[in-house]
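Work through the exercises below with the sequence and the coordinates open. Each task is followed by a solution in steps.

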Amino acid sequence: MVLESTLRNIRLVGDGTLKIVERIGATVVFLGLTLTQSATSFRRFDLVIREIFYAGVQSLIIIMVSGLFVGMVLGLQGRETLQNYGSEQSVGVLVALSLVRELGPVVAALLFASRAGSAITAEIGLMKATEQLSAMEMMAINPMARVVAPRFWGGVISMPLLAMLFSAMGIIGGFLVAVVLIGVDDGAFWSQMQAAVDFRHDIANGIIKSLVFGIAVSAIATFEGYEASPTAEGVYGATTRTVVS
Amino acid sequence: MERSTLNLLVGIFVLLGFFAFLVLAFKVGNLSAGGSGQTYTLVANFDNIGQLKERAPVRSAGVLVGRVKSVRFDPVHYTAEVRMAIDTQFKFPKDTSASVLTSGILGEQYIGLEAGGDDQMLKDGDQIKLVQGAVVLERLIGQFLFNKAQDSSAAKGAQK
């Protein structure tokens, strides 16, 4: 009895793991499919521009405002702590490195997933629920090329730009709090930052990171929308999964 | 939405993104302070480098002339072998001395080069012979206490 229930529980764990792996595999296959169908997106680039508008331009406000406030918090707290060691000029280094290397790409990607990614999923999911995708197929239009690929590329192009804007706004926020409000020395703030931040090691790596996040978020968002069950509940579940995973 | 307004807004967004990139590259990063970009390598063996790390600055007369390329332990001489990438526009005489210095009391460590008077210049891959390792604070304090104790015992001896 005990053995049987234990076995059943272990089987449940195995089943859950396999489902997760299957889902990751399906997403990667879907990503590959999207890439093979991408030619149309670049031949008709206005489709991608439309998606950059919905994914990128409409995320601008939330990205810039959050970046500014994250930078302000970093500036304030960093100075409070560094002051104890008499090196409050290093606050610029702290703000710039943490934003450019980690916080910029990661937090921008999170915001992007929850704002633009869920919107993409909901849109594609609703298209599927209202059978617009099937209608396209009936007219011999490949929905992968016409609907999915432009949204994917729109997200991939927007993401690094948004991450860089996030970092730049954060550094401005840190500057505002540390230099303008508190009065850390202006020259030391920038010169120490420039001495510590390397273009190739820090900034280029941050951009590559945000590009990878952009590909991941866009692939997951389009996949979840495309694979959503064609009901209101299915679309609801799909948008949740986009943001959570 | 009108096509032209859409294009305009997307254009503004992309330009904003590139502007942020330029701010990061030139105002935050050190792309502008790259010098000529061409460097040559000098090697120096120190008995102790303290906290010196890769990419630490190499300064001469306080001006940045290069960066530390690599730090390696030399198992033959039991010293730290430091390779420095020096900007090609700065040439140093053969009898230049290198020392590990600290900016401020708690600041970062860097290598200071002090030019000598030799006619011949150091070439790529050359070794700097005159070196001075990092000052270890504990050793300095220990020496100070030792001297102090010696002084006081000497003074006591004189009183007797």
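**Exercise 1: a strand and its neighbours**

In strand S6 (residues 109-114) of chain B, five of the six residues are buried, so the strand is mostly covered; buried means under 20% relative accessible area with a 1.4 Å probe, protein chains only. The model is predicted: local features need pLDDT of at least 70, side-chain atom pairs count only at pLDDT 80 or more, and totals for chains, interfaces and linings use all residues. Residues are numbered from 1 along each chain as its sequence is written, chains are lettered from A and ligands numbered from 1 in the order in which they are written, and side-chain values use heavy atoms, with hydrogens and water left out.

Task: find which strands are joined to S6(B) by bridges, and in which direction they run.

Step 1. Strands are DSSP runs (E, at least two residues), helices are runs of H or I with at least four, and both are numbered from the N terminus. Two strands pair if DSSP finds at least two bridges between them.

Step 2. Strand S2 (residues 57-60) of chain B is joined to S6(B) by three bridges and runs parallel to it. Here B:Val58 stands opposite B:Ile111.

Step 3. Strand S5 (residues 97-102) of chain B is joined to S6(B) by six bridges, and this pair is antiparallel. B:Leu101 has B:Tyr110 as its bridge partner.

**Exercise 2: the cavity**

Task: state how many cavities of 30 Å³ or more the whole structure holds, and which helix gives the most to the lining of the largest.

Step 1. A cavity is a set of points on a 1 Å grid over the protein atoms alone where a 1.4 Å probe fits but cannot get out; lining residues have an atom within 4 Å of a point.

Step 2. The search finds one such cavity, and the largest cavity holds about 60 Å³, a volume being the space filled by probe spheres set on the points.

Step 3. H9(A) gives the most to the lining, with four residues. Among the lining residues are A:Ile203, A:Ser210 and B:Leu24.

Terms used: On a 1 Å grid over the protein atoms alone, a cavity is a set of points where a 1.4 Å probe fits but cannot get out, and a pocket is an open set with protein on both sides within 12 Å along at least five of seven lines; lining residues have an atom within 4 Å of a point. Buried means under 20% relative accessible area, exposed over 50%, partly exposed in between (1.4 Å probe, protein chains only).
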